[in-house]
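Here are my notes for you as you look through this model. Take the points one at a time, and keep the 3D view open beside them.

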Amino acid sequence: RYSSTGLVAPLTHICTRATKSIKFDGKDDVAQGPNLPAGYATSGRRLSDRAVELTDRIDGKLLDTQEVEVRPGGETLTITTHIPGLTRPNIQVFDRQ
């Protein structure tokens with residue numbers, strides 16, 4: 001289970017605070033927050049012991065897919081965001097200081 005409170009889908013121009021509580025069963029879970037579009041939901045599934053995939057939808061329509069992976073040793077976190085209609089993903093890499 002994953003719970004998070006923060007900005008929702010900033011790369012898709014839906015910037016609002018929301019709380020997501022996701023079971024990694026591939027089923028949509030409704031997000032909650034002020035000014036969040038009706039029908040906004042996120043599903044999650046495990047890709048490996050260090051990676052998950054999060055998929056955001058509005059009324060069933062795909063908004064974005066994020067692959068979140070922690071590298072062996074836990075020093076680097078990579079978030080790869082795929083947005084429909086864009087040819088290249090947005091890749092964010094965070095190194096532990």
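1. Let us begin with strand 5 (residues 51–58), which is mostly covered, as six of its eight residues are buried. Here, buried means under 20% relative accessible area, exposed over 50%, and partly exposed in between, with a 1.4 Å probe and protein chains only. Strands are DSSP runs of E with at least two residues, helices are runs of H or I with at least four residues, and both are numbered from the N terminus.

2. A word on how to read the values. This is a predicted model, where local features need pLDDT of at least 70 and side-chain atom pairs count only at pLDDT 80 or more, while totals for chains, interfaces and linings use all residues. Residues are numbered from 1 along each chain as its sequence is written, and side-chain values use heavy atoms, with hydrogens and water left out.

3. Now for the neighbours of strand 5. Strand 4 pairs with strand 5 in the antiparallel sense over eight bridges, and a hairpin of two residues connects these strands. On to strand 6: strand 5 is also antiparallel to strand 6, again with eight bridges. Two strands count as paired if DSSP finds at least two bridges between them. Strands of a sheet pair through backbone hydrogen bonds, either parallel or antiparallel.

4. Where does S43 lie? S43 is found in strand 4 (residues 40–48), and its opposite number in strand 5 is T55. With 6% relative accessibility, S43 counts as buried. R57 in turn has L62 of strand 6 as its bridge partner.

5. Which residues does S43 touch, not counting residues up to four places away in sequence? Among them are I22, G26, E53 and L54. A contact means heavy atoms within 4.5 Å.

6. Please look at D59, in the loop between strand 5 and strand 6. The hairpin of these strands has two residues between them, and D59 takes a positive phi near 50° there. Most residues other than glycine have a negative phi. At 64% relative accessibility, D59 counts as exposed.

7. The largest nonpolar core has five residues: I22, V52, L54, V68 and I79. Such a core is a set of buried Ala, Val, Leu, Ile, Met, Phe, Trp, Tyr and Cys residues joined through side-chain atoms within 4.5 Å.

8. Finally, the whole protein chain has zero helices and eight strands. Of its 97 residues, 34% are buried.
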